[in-house]
Amino acid sequence: MRIRAAVLEQTGGPLNVEELELAEPRPGEVLVRLHASGVCHSDQNAIDGTAATRCPAVLGHEGAGVVEAVGGGVGRVAPGDHVALSWAPSCGQCPECLRDLPQLCSTAWPAMGRGGLLDGTTRLSRDGEPVYHYSFISSFADAAVLPERSCVRIPDDVPFDVAGLVGCAVTTGVGAVWRTAGVRPGDRVAVFGCGGVGLSAVLAAAAGGAEPVLVVDVNPQKLETAERFGATGGVVWAGTPEETAAAVVDASGGGVDYAIEATGRPDAMLAAFLSTRARGAAVLIGIPAEDAVLPLPALSIPRLERRVLGSLYGSSRPERDFVTILDLYRRGVLPLDRLISHRLPLDEVERGFELLRSGEALRVVLELA
Ligand SMILES: [Zn+2]
Ligand SMILES: [Zn+2]
C-alpha cells in the first residue's frame, strides 16, 4: 500500500513528507492505521546525530492507532483494536526477559539498531529502494507495519494523542518514579528537566503522595509550568552541579530520597546525585552521549548509602503499565492531556521540531488521521 510519511534522508535533516510503499505484515507483525504521534527528543537525537540512525528512515516512536490487518500467527490483537505502541517489543525468551526485565530484552535492542523489524528486514521502500524503520515504530506516517509485541491494546475511549505519549515519554517518566524508584507517600522527590518525561515524573510523584516534589530546570518559565503538574517548588539551575544541589538540599529540608534526572547531561546527573540525602538515589533516565563519564564523590556512597539507579523505559512492562497509566488518566489521577501543548498535521512536522528545540512546546503531537 502507499502511505505518506516524514523521511529523514540523512543525519542533519531535513524531514521530507512524501509517499512510500508499505509492504504487508509478515507473520508476527501488524498493520496499524496511525492516528497520533508525539514528537520526542529521541527523534531529535536521530536527526542531529546524537544517536546514530540508519537512513533514509521514517522517524516517530510515540504512536497510537487502530489495527487494520495482522500477519500470520498474531493473537494479541485483531483488526479494529485500538493500540498504543511500544518501542520495546521484548521477545519473552532471552535471559533478560526470563529475569522479568523485558525493557532490557537482548533480542530487540540489536535489531532496533539495524533499522529493520525483528527479522532485520524493512517493510518500507521507495522506488524499490529500502527505507528504514526507527525504533520498530516509524509513527510519522499514516500507517505502519510493526511487531505484534509492540502493540498494546487500549480501551476505545482513550484519546489517541494521550495514548501515543504513553508509548514513550509518559511511561518513561511515570515508570521511573513508580517502578524504578518505587516512590512512597511522603518521600522527597526532585525532578531535573521539565520536558515531557520530567513532567510525567512530576505527575507520578505528586499522584503517589511525594512531598515535596521539586523541579529543577535552566528555564524559570518551565518551573512555573511544572506547578500545574503538581510540583511544590522549583530551583533554577545555578550554574554548577554543586550550587544547584545545595539549593535542592536547602529547599527539601536536607536532601531528597529520589532525584529523577531527565536531561541526560552529566552535570545534571551529578547535581541529582548530590541532591540526595542518606539512602537516597539518583534515578538516571536521560540518555547521555556515548562517551560521557560521570564522576561521583565515592565516599558518600558507602557512608551515606547513596545509590544510582538506571531507568530504561521506566523499568516498565508495556502491556501492564500502558493500561494502568491510561486507566489513571481516565480517572483524573494522571492528567496527561496537560502535556500536549501543540497539535499539528504531518506536513508541519518540521515546525514541531522547531517548537521542541526552542523549548516552547511541552509536547507536540502530530494528528495523523
Ligand atoms: Zn521518545
Ligand atoms: Zn528478550
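Author: Welcome! In this predicted model, a residue is called buried under 20% relative accessible area, exposed over 50%, and partly exposed in between.

Reader: Why is D100 called partly exposed?

Author: D100 has 46% relative accessibility. That value lies between 20% and 50%, so D100 counts as partly exposed.

Reader: And what makes R317 and D100 a salt bridge?

Author: The cut-off is 4 Å between a side-chain nitrogen of Lys or Arg and a carboxyl oxygen of Asp or Glu. For R317 and D100 the N to O distance is 2.0 Å, so the pair qualifies. R317 sits in the loop between β16 and α11, and D100 in the loop between α2 and α3, so parts 217 residues apart in sequence are tied together.

Reader: Why does the pair of R317 and E319 count as a salt bridge too?

Author: Here N and O are 3.8 Å apart, and because the limit is 4 Å, this pair also passes. E319 is partly exposed, at 38%.

Reader: What makes D119 and R26 a link between distant parts of the chain?

Author: Their salt bridge has its closest N and O atoms 3.4 Å apart. D119 is in the loop between α3 and β7, whereas R26 is in the loop between β2 and β3, 93 residues away.

Reader: How do you know that the buried residues of α7 are on the same side?

Author: K222, L223, T225 and A226 are the buried ones. They span an arc of only 160° around the axis, which puts them on the same side of α7. On the other side, E224 and E227 are exposed.

Conventions
Residues are numbered from 1 along each chain as its sequence is written. Chains are lettered from A and ligands numbered from 1 in the order in which they are written. This is a predicted model: local features need pLDDT of at least 70, side-chain atom pairs count only at pLDDT 80 or more; totals for chains, interfaces and linings use all residues. Side-chain values use heavy atoms; hydrogens and water are left out. Buried means under 20% relative accessible area, exposed over 50%, partly exposed in between (1.4 Å probe, protein chains only). Helices (H or I, at least four residues) and strands (E, at least two) are DSSP runs, numbered from the N terminus. The arc is that of the directions from the helix axis to the C-beta atoms.
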